[in-house]
Amino acid sequence: MNRAICVNTWREFKSNKVRLILLTLLFLGPLAHFTWRRCFSPLEIQDEMISFSAMSIFFALIWGIGVVGRERQHGTITLVLARPVTITNYIISKWIAVGLAAAICAVQALVVEHAISVYFAPSLLLDGEFFANMAERIIIAFGTASVLVFCSSLVTGIKDLAIIAGVLFALMLGAQVLSPVYHTAYTWSGISQVNLERLAHIGFGALAAVFYPNIPIANLFTFGGEYIGSVINYVCVVSVFLSLAVFTLSRKEFSYAQD
Amino acid sequence: MPKTDKYVSTRSQPKRLYLLAVSALLLASVCGIGKEYNFNLLNELASPFRHSPPIVWRTREAALAESGRTGKPILYAILVKGDDASIRLEYDDFNKKDTYEFINANYIPVRIFLKEKITEESKTPLEFKAFSEQFPLSYRSSVALFTVPAKLRMRNHNDILSSANLAELGISEPNLYGHQNYQYYNNYEPAYSYYGRSEGGNSRGPVLNVYRTHEDLMEYLFAAKNWHHFKPSTGLVHWQPAKLLDGPKPAKPRVLVLLDDIGQESDHFRLNSLYNREVVDLLNKNCTPILLEYDTEHPERNKTIDQIKNKYGLTSLPATVFVDAKDGKDDVIRGNAAEQNICEFLRNGLGLKASVPDNTVQYASHKYR
């Protein structure tokens, strides 16, 4: 990991006001929602009100969009690579920078939400849900960061946002188109309904691993196949997307880069 | 930068990262994808189902015999491979000391393990065919606990789920809900099915489909143990003693109501007809109502009811017999007839005019108390 690349990524983020506004809204959104609920449902005041760990995905999105592409657009990547820095080192540094920043922001938001809950119900101080949520936020932040770094390495600027939106839109459209085929396939394809469900399950599992890279902390305590499976899926997503990012970026032309 | 031994090209490829990525992808493809998939070797090897909890499981045949002998209810644990709740139940909650000790002491547990979801009844595995006739297993994709009281061990799920005891149903004033709602309470599992814990205060059910915490599970086990433990309701009719059957003819004509102490048909009759305004009015004001209940657990006590069944050629219950009809002929109405039909039957026997059906007026049952 190259510390200078990380710090530079964070500095660049600070100079972008739109991202700062979005980050602030992401902090305040859940707090406003919980305040509203506390006002109108007094019974819920005793509950632990913390947002889902999946919120970490949005923090990673704010930090990770255009993380490589913007440097390519501005040409600064050629200057960085003119230094004794390998593309692998560059990608890993970007991944850690995005993952760490997103994890810190997500955990910070969680701590504020938890502190308010503890203010109303002090017995929630050491609530297990809080710690599990925190761990999952960190895991998701780094998982999503790897996917975003790969998307950003494909294009210049923040076109990776368009890639992500396009893929999600295509998936939704595809699901709508394929839905009637799926529901009738067992009548004409000869595949049993059970096997069709299994195939669909594999597809959804793969998609979930990419768009929601998580290791459920609750499964940690069972030490069963599910836990090991989710760890493998997570390692797979992170390593595959970082490898693809390095591979893609290696094939780009950088005028000032060494050799 | 001079090309020394330490020189690394900017575009040098991370071989170790690629190796890790390929290995992880292969592992995920073979082991990690789809917990329901047959090739999920990892799940097989690390499955909690490999470590049986210390519950003394019986086969269904052994459990039926033991239940008949001891009177303990049978607890069927339907577990589905790959289902999160099944894994949690078997691996976590069944291993807790208070749970397995309570189950071993109060139930006869039977484990029904489904390797996959059964989409058609005809494809039910042979070993579960008999059980599936009692409690349909098709399209079941998640965990369920099903408690069968000893006296109902050979009945189907409709009879087992049915109850005519107001406390068991979690209602105190059935008529206030309108009689149609009895069907809901009777046919479906109460609050446990959907919410994991009872919401109606004391509603109890023999089926647990969902549970959130260990306390939910224990609450279910405590409650389900007593399912069908209490006597079914006899409605709002002022029943007269059965000895009037043998004595001289009373001033008001005698009407016999013969009911099973268990079973959906008799339960419906109790909750519908015996709480109906017109039926109750006719029986209390114009007749001498006598109730004969079949005792499933003690067949030797059913001599009187058996004689009456033979006399009138009744093969099943419920049935209503008008003994002292105006025309001198005994009249019988079989099965769980609609309230209006029971009313007309009683009016015919009493020689009264037919009434205009009025379904719109709901009767406030407390007036009778």
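View 1. In chain B, four strands form an open sheet of mixed pairing in the order β2-β1-β3-β4, where strands are DSSP runs of E of at least two residues, helices are runs of H or I of at least four, both numbered from the N terminus, and two strands pair if DSSP finds at least two bridges between them. The edge strands of chain B, each pairing on one side only, are β2 (108–114) and β4 (207–208). Strand β1 (residues 74–80) of chain B pairs with β2(B) in the parallel sense over seven bridges, and B:Ile78 stands opposite B:Ile112 in β2(B). Helix α3 (residues 60–70) of chain B packs on the sheet and touches β1 and β2 of chain B, its direction making about 160 degrees with that of β2(B); a contact requires C-beta atoms, placed from the backbone, within 7 Å, and angles run from 0 to 180 degrees between N-to-C directions of axes fitted to C-alpha atoms, for helices over the stretch in contact. The model is predicted, so that local features need pLDDT of at least 70 and side-chain atom pairs count only at pLDDT 80 or more, while totals for chains, interfaces and linings use all residues. Residues are numbered from 1 along each chain as its sequence is written, and chains are lettered from A and ligands numbered from 1 in the order in which they are written.

**View 2. Helix α3 of chain A and its cover.** Helix α3 (residues 55–64) of chain A is mostly covered, with eight of its ten residues buried, that is, having 20 or more other C-beta atoms within 10 Å of their own C-beta, whereas 12 or fewer would count as exposed and values in between as partly exposed. Among the buried residues of α3(A) are A:Met55, A:Phe59 and A:Trp63, and the cover of its buried residues includes α1 (3–14), α2 (17–40), α6 (87–120) and α7 (128–154) of chain A. After α3(A) comes A:Gly66, whose phi is positive, near 70 degrees.

**View 3. The contact of α2 with α3 in chain A.** The axes of α2(A) and α3(A) come within 10 Å and cross at roughly 170 degrees, which makes α2(A) roughly antiparallel to α3(A), a class for angles over 145 degrees, with under 35 counted as roughly parallel, 65 to 115 as roughly perpendicular and the rest as oblique. Here A:Arg19, A:Leu22, A:Leu23 and A:Leu26 of α2(A) meet A:Phe58, A:Phe59 and A:Ile62 of α3(A).

**View 4. The largest nonpolar core.** This core holds 59 residues, of which A:Ile91, A:Val98, A:Ala102 and A:Val149 touch the most other members; a nonpolar core is a set of buried Ala, Val, Leu, Ile, Met, Phe, Trp, Tyr and Cys residues joined through C-beta atoms within 7 Å. The largest contribution to this core, 14 residues, comes from α6(A). Leaving aside residues up to four places away in sequence, A:Ile91 touches A:Val149, A:Leu242, A:Ala245, A:Val246 and A:Leu249.

**View 5. Backbone details in two loops of chain B.** The peptide bond from B:Leu317 to B:Pro318 is cis, with omega near 10 degrees, and B:Pro318 is found in the loop between α14 (303–312) and β7 (319–322) of chain B. B:His228, in the loop between α11 (214–224) and β5 (254–260) of chain B, has a positive phi near 70 degrees although this residue is not glycine. B:His228 counts as buried because 24 C-beta neighbours lie inside 10 Å.

Methods
Two residues are in contact if their C-beta atoms, placed from the backbone, lie within 7 Å.
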